[in-house]
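Hi everyone, thanks for making time this morning. I'd like to walk you through one model, so please have the viewer open.

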Amino acid sequence: MHTVLRTLTTAILAAGALASAATESVLIEAEAFGTHGGWTPDAQFVDEMGSPYLLAHGLGTPVADAVAEVKLPAPGKYHIYVRTSNWTAPWHSGPGPGAFRVAVDGTPLPTVLGTSGEGWQWQYAGETYAADTGITLALQDMTGFDGRCDALYLTTDRNDIPPSGGPALADFRHGISGSMEPEDAGRYDLVVVGGGIAGMSAAVAAARLGCSVALLQNRPVLGGNNSSEVRVHLGGALDVGPYPRLGAMQKEFGPTIEGNAQDAANYEDDRKTAWVLAEQNVSLFLNMHVDKVHTDQTGAISAVGAVDNTTGRRYTFSAPLFADCTGDGTVGYLAGAHYLIGRESRLDFGEPSAPYTADSMTMGASVQWRSIQLPEGEKASFPEFNYGLVFSETTCHRTPVGEWTWETGMYSDQLHDFERVRDYGMLVAYSNWSYLVNRLGMFADRRLDWVAHVGGKRESRRLLGDYILKEDDLVKRVHHEDGTFAASWSIDLHFPDPVNAAHFPDGPFIASNSHVFIHPYAVPYRCLYSRNVPNLFMAGRDISCTHVALGTVRVMRTTGMMGEVVGMAAALCRLHGATPRDIYHSHLPELKELMKEGVARGPMPYSQKYNEGTHL
């Protein structure tokens with residue numbers, strides 16, 4: 001069982017000696033602190049980090065202490081190491097802004113942490129003498145500028161330093177926590193991984209048609225990019241295409257107010273959660289990160305392994321059918337599914353909008369932000385923030401809000417370097433706002449209210465199905481007998497804004513886009529299941545398409561409709577003992593009937609018509 005404390009006793013052998021006294025040590029995972037205070041658990045990078053961490057995301061105002069009650073193995077003198085990172089090191093050679101201290105029983109240790117070094121590392125915080133086995137540890141933020149703590153290690157041996165990262169650190173953690181055999185979380189008809197609009201829709205559609213469903217989401221809220229963590233409105237049109245009832249279910253939970261980077265309440269997280277919890281056939285698991293996939297001799301998935309980001313407990317979820325709604329294609333990747341990433345060449349699929357030469361460029365991730373008007377007479381201030389990004393009157397952006405155009409990481413690895421992509425997004429937001437307030441004297445009557453700490457990702461892996469959607473399908477309206485949900489957004493492809501890229505060639509952070517207009521187009525069902533993992537569906541931005549075609553199917557009302565189709569197909573698989581491919585070959589008329597009827601509960605009004613770049 002994963003608890004706040006995991007105790008390790010090791011024998012340290014001196015050279016030439018047979019044995020020495022045992023070293024007592026305790027590892028405390030930061031996310032397992034009993035009180036997080038103002039620190040925010042961040043689990044976006046578990047696959048690279050091996051664990052979530054705590055983030056002091058205070059927008060320049062120090063956050064309240066995170067506190068843990070710690071049981072030591074014995075009284076005595078302990079040395080305290082903290083795994084942390086100087087997050088601005090890639091852009092700034094001096095001390096970073098994420099300063100914090102560790103306090104023991106209310107007394108801060110002298111060392112300032114999180115401001116030096118490069119990359120994640122163990123920093124020495126100091127020593128303490130414990131007269132008893134019970135102590136209180138606190139993380140004391142000093143700046144509010146995203147100091148971060150992964151874990152603390154208390155040891156009686158000053159030279160007992162854990163591995164800095166990678167497999168060695170994973171083995172170290174495993175050795176302390178023990179085997180931690182996963183608990184059986186049950187067997188379901190369908191396991192849906194990913195709780196964005198696509199995953200929510202897939203889970204509820206299948207449940208309303210009689211499937212028992214486990215919905216796993218690795219965040220504390222549902223909605224993905226439409227949650228209060230990211231704050232992107234729902235794009236795309238409903239009530240269109242050959243099956244206009246598809247998408248009607250979204251009227252039951254979709255936010256009633258549109259707009260990007262707005263107040264958190266506008267995204268109605270609680271409404272989404274209540275909507276899913278109301279379905280008796282859906283078991284919802286928040287903060288559950290899937291990092292293992294078990295397959296049988298046919299290549300089919302038999303179970304997924306997941307870790308609870310809040311407790312560290314491991315679970316196994318079994319089913320005959322799985323839906324990858326992760327966006328990153330995580331389940332498919334772990335199962336060995338074929339996939340594409342980056343931009344295909346113009347000749348690969350005959351796409352006029354593709355580059356002549358294939359490359360690894362993707363659409364980026366947005367770190368949105370907003371300021372708010374202060375009451376009359378109040379004046380705001382903001383700390384000086386200058387960590388490697390130099391603005392001028394020419395290069396700054398005179399705006400009180402940063403929407404989707406604040407987009408980073410187009411030339412980066414959106415999977416393995418995503419923490420750096422997110423951090424750069426925060427860096428540019430803070431730096432620009434500091435310049436406006438402190439150098440230009442602008443926005444003295446406004447306060448920086450929110451900067452996203454969760455990156456709004458647009459593109460990474462795309463899992464390959466029996467059909468790959470391409471530009472010709474969309475612009476020439478190629479008919480397929482298995483057409484399903486309607487893509488209605490333009491082919492909307494993002495690229496670095498030329499002016500911003502000229503000013504910041506090493507790291508552009510403002511995006512431009514191009515639109516190829518389309519009529520609503522019915523996307524083939526064959527794009528919604530893996531071509532080589534026989535029981536895997538996908539819905540969301542990881543479906544089978546080219547980079548160019550992703551420009552239209554990636555918006556969230558559209559991904560919700562594809563989720564509904566996956567839920568319907570899963571119900572037919574359950575009914576007939578079939579695979580996703582079998583539905584296309586043998587049960588397509590039944591799927592068409594379900595799409596015609598829909599699974600929404602009664603007619604509902606639809607007043608949200610935001611659908612940029614279409615003929616609607």
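**Inside the model: cavity and pocket**

Let's start with the largest cavity, which has a lining of 10 residues, and those nearest its centre are Asn-226, His-233, Leu-234, Pro-255 and Ile-257. Before I go further, the ground rules: this is a predicted model, where local features need pLDDT of at least 70 and side-chain atom pairs count only at pLDDT 80 or more, while totals for chains, interfaces and linings use all residues. Residues are numbered from 1 along each chain as its sequence is written, and side-chain values use heavy atoms, with hydrogens and water left out.

How much space lies in the largest cavity? About 60 Å³. The count comes to 1 cavity of 30 Å³ or more. For the terms, we work on a 1 Å grid over the protein atoms alone: a cavity is a set of points where a 1.4 Å probe fits but cannot get out, a pocket is an open set with protein on both sides within 12 Å along at least five of seven lines, and lining residues have an atom within 4 Å of a point. Grid points are joined across faces, edges and corners, and a volume is the space filled by probe spheres set on the points.

Helices (H or I, at least four residues) and strands (E, at least two) are DSSP runs, numbered from the N terminus. Of the elements, α7 gives the most to that lining, with 3 residues.

**Salt bridges**

The whole structure has 30 salt bridges, each a side-chain nitrogen of Lys or Arg within 4 Å of a carboxyl oxygen of Asp or Glu.

One of them joins Arg-173 and Glu-29, with the closest N and O atoms 2.8 Å apart. This pair links distant parts of the chain, Arg-173 being in helix α2 (residues 166-177) and Glu-29 in strand β2 (residues 22-29), 144 residues apart. Both Arg-173 and Glu-29 are buried, where buried means under 20% relative accessible area, exposed over 50%, and partly exposed in between (1.4 Å probe, protein chains only).

Next, Asp-150 and Arg-83 meet through their side chains in a salt bridge of 2.8 Å, N to O. Here the link runs from strand β11 (residues 145-155), which holds Asp-150, to strand β6 (residues 76-84), which holds Arg-83, and the two are 67 residues apart. Asp-150 is buried at 0% relative accessible area, and Arg-83 is buried too, at 4%.

Arg-148 is buried, with a relative accessible area of 0%, and Glu-419 is buried with 16%. The two also belong to a network of salt bridges that links Asp-42, Arg-148, Glu-419, Arg-422 and Asp-423.

**Backbone and cysteines**

While we're on β11, have a look at Asp-146, which lies in that strand. Its phi is near 65°, a positive value in a residue other than glycine. Most residues other than glycine have a negative phi. Is Asp-146 buried or exposed? Asp-146 counts as buried, at 0% relative accessibility. Arg-231 has a positive phi as well, near 70°; you'll find Arg-231 in the loop between β14 (213-216) and α4 (269-277), and this arginine is buried at 8% relative accessibility.

On to the cysteines. How many disulfides does the structure hold? The number is 0, taking a disulfide as a pair of cysteine sulfur atoms within 2.5 Å. Cys-527, for instance, is in no disulfide, and the nearest cysteine sulfur, in Cys-545, is 7.5 Å away. Cys-527 is buried at 0% relative accessible area, and Cys-573 counts as buried at 2%.

That's my tour, thank you all!
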